Amino acid sequence: MSESISVDVAQERLQIRLPAFAKHVGIELVETASDRVVGRITVGPQHSNGRDRVHGGAIMSLADTLGAIGTVLNLPAGAVTSTIESKTNFLSAGRGPHLIGESTPLHIGRNTMVWQTVVSDADGRRVAVVTQTQLVLTLDPSRTAQS
C-alpha cells in the first residue's frame, strides 16, 4: 500500500501517494507546491553504479517522480498524467549522503506540461538537469465504467 502525503494547495486538501517504485528507490518529498516540488534520495549502496557513484537510473527516477507530482498538482479534475518524453543531461557524478531534486514548470498547458528538474548533491554541485513532458489525459467516465 502506498503512503499518503497530505498537501495543502489552493486551500484544498489533496492526498499524494508516492508510487511504490519511488518509495522503493527511497525518494522522499521535501516540499510540494503547484510551482515547485522538492525531493531527495538518501544515497546508499543500493544506488551505486558499481563505482561508488549514484546510478543514472536513480537520478532519473527522482526527477521523473518530482515532475510527475508537479503535474498532478496542476491537473484539472478528472485528469491523469503520463510521462511522454524525458531528457537528462548528466553534469557530474552523483555522490554524497543525499541527492536533492528541485522541479519547476516550464509550461503548464491543457494537453501537456513540461517540467525541469535540477538534481544536486549535498554540496550544491549540479549532478543532472532533466526536462520532461507530461501528457494530460482526461478520462472518459463511460469507458472506465465498462472496464
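**Figure 1. Burial and overall content of the chain.** Buried residues (under 20% relative accessible area, with exposed meaning over 50% and partly exposed in between, for a 1.4 Å probe and protein chains only) make up 37% of the 147 residues in the chain. This is a predicted model, in which local features need pLDDT of at least 70 and side-chain atom pairs count only at pLDDT 80 or more, while totals for chains, interfaces and linings use all residues. Residues are numbered from 1 along each chain as its sequence is written, and side-chain values use heavy atoms, with hydrogens and water left out. The accessible surface comes to about 8,400 Å², computed by the Shrake-Rupley method with a 1.4 Å probe, where for residues only the protein chains shown count as cover. Carbon and sulfur atoms account for 50% of that surface. The chain has 3 helices and 8 strands, taken as DSSP runs (H or I over at least four residues for helices, E over at least two for strands) and numbered from the N terminus. Their order along the sequence is β-β-α-β-β-α-β-β-β-β-α. Of the contacts (heavy atoms within 4.5 Å) between residues at least 6 apart in sequence, 57% join residues at least 24 apart.

**Figure 2. Pairing of strand 3 with strand 4.** Strand 3 (residues 27-33) and strand 4 pair in the antiparallel sense over 6 bridges; pairing requires that DSSP finds at least two bridges between the strands. A hairpin of 2 residues joins strand 3 to strand 4. Glu28 stands opposite Arg40, a residue of strand 4. In a regular strand the side chains alternate between the two faces of the sheet.

**Figure 3. Salt bridges around Arg36.** The whole structure holds 5 salt bridges, each defined by a side-chain nitrogen of Lys or Arg within 4 Å of a carboxyl oxygen of Asp or Glu. In one of them, Arg36 is joined to Glu31, with the closest N and O atoms 2.5 Å apart. Arg36 is partly exposed at 27% relative accessibility, and Glu31 is also partly exposed, at 34%. Arg36 forms a salt bridge with Glu102 as well, the closest N and O atoms being 2.8 Å apart. Glu102 belongs to strand 6 (residues 98-108) and Arg36 to strand 4 (residues 36-42), so this pair ties together parts that are 66 residues apart in sequence. Glu102 is partly exposed, with 34% relative accessibility.

**Figure 4. The salt bridge between Arg125 and Asp121.** The side chains of Arg125 and Asp121 meet at 2.8 Å, N to O. Arg125 is partly exposed at 33% relative accessibility, whereas Asp121 is buried, with a relative accessible area of 3%.

**Figure 5. Surroundings of Ser61.** Ser61 is placed in helix 2 (residues 56-72) and is buried, with a relative accessible area of 12%. Leaving aside residues up to four places away in sequence, Ser61 touches Phe21 and Ile27.

**Figure 6. A nonpolar surface patch.** Val80, Leu137 and Leu139 form this patch, with about 210 Å² of accessible area together. Patches consist of residues with over 30% relative accessible area and no salt bridge; like charges are joined within 9 Å, and nonpolar side chains (Val, Leu, Ile, Met, Phe, Trp, Tyr) within 5 Å. Leu137 lies in strand 8 (residues 126-138) and is partly exposed, with a relative accessible area of 36%.
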